Amino acid sequence: MENCNSTIQMWGGIDLTLSIHELAQEDVQQPIQPTVPLPDSQLLDHFAVLLESEKFADVTITVGKKEFLAHKAILAARSPIFAAMFEHEMQESKENRVTIEDVKPRVFQEVLRFIYTGIVKELDQLANELLAVADKYALDKLRTLCEEQLGSTLSVETVTRTLYLADLHHAEQLKQQAVQFISLNIKAIPAADWQSIIATNPALAAQMFAQMARLN
């Protein structure tokens with residue numbers, strides 16, 4: 001094998017011998033790694049502070065006897081219903097005021113918290129009511145959180161009521177879960193609950209029996 005050394009003649013008669021491999025190692029330079037911006041871990045904290053401080057708020061939301069100050073841009077970005085409300089020449093847009101009559105202040109406080117931060121407190125206690133608001137304002141992620149919570153706590157005492165709620169508020173995942181629960185625990189479901197569904201919502205009862213027939 002040929003000698004892989006290279007001789008470099010320098011002034012003054014001095015020879016410096018370096019291996020090709022050494023030269024290659026010395027010449028190798030690592031490329032500059034691109035800087036990837038990291039997500040702002042404080043973003044949600046900042047929005048929470050904005051909600052609590054009420055600074056720069058440009059809309060007042062009246063819920064019962066309580067008023068909440070909020071920001072149109074954030075509400076519109078999170079809910080297509082609020083977006084349509086503020087985009088068009090509606091009373092809410094002209095007066096910068098929204099009145100909500102079918103939600104408790106405590107529940108709407110959590111809805112606002114979710115809109116600003118994606119976080120909900122007391123979900124285990126408020127899931128039923130939050131599901132209704134999530135459906136009304138097209139907050140799909142909140143709807144999913146409520147469905148998961150309610151689905152995880154199904155019982156023979158609550159399942160028919162949960163089924164009715166899921167059907168009313170377009171919670172399809174929860175609806176299917178409730179039907180499956182009923183199918184697996186058919187003998188334990190109180191007769192009065194069956195009668196209530198049949199009497200108040202025969203269409204839902206028909207869907208439920210059809211689904212049960214497929215599962216069985």
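A residue counts as buried when its relative accessible area is under 20%, as exposed when over 50%, and as partly exposed in between (1.4 Å probe, protein chains only). The model is predicted, so local features need pLDDT of at least 70 and side-chain atom pairs pLDDT 80 or more, while totals for chains, interfaces and linings use all residues. Residues are numbered from 1 along each chain as its sequence is written, and side-chain values use heavy atoms, without hydrogens and water.

The protein has 12 helices and 5 strands. These are DSSP runs, numbered from the N terminus: helices are H or I with at least four residues, strands E with at least two. Of the 216 residues, 35% are buried.

Thr60 lies in strand β3 (residues 59-63). Its relative accessibility is 14%, so Thr60 counts as buried. Thr60 touches Glu67, Phe68, Leu69, Asn96, Arg97 and Val98, leaving aside residues up to four places away in sequence. Contact means heavy atoms within 4.5 Å.

Helix α2 (residues 43-53) packs with helix α6 (residues 105-117). The angle is about 140°, and the axes are 8 Å apart. Axes are lines fitted to C-alpha atoms, for helices over the stretch in contact, and angles run from 0 to 180 degrees between N-to-C directions. The two helices are therefore oblique to each other. In α2, Leu44, Phe47, Ala48 and Leu51 meet Leu112, Arg113, Tyr116 and Thr117 of α6.

Conventions: Parallel < 35°, antiparallel > 145°, perpendicular 65-115°, else oblique.
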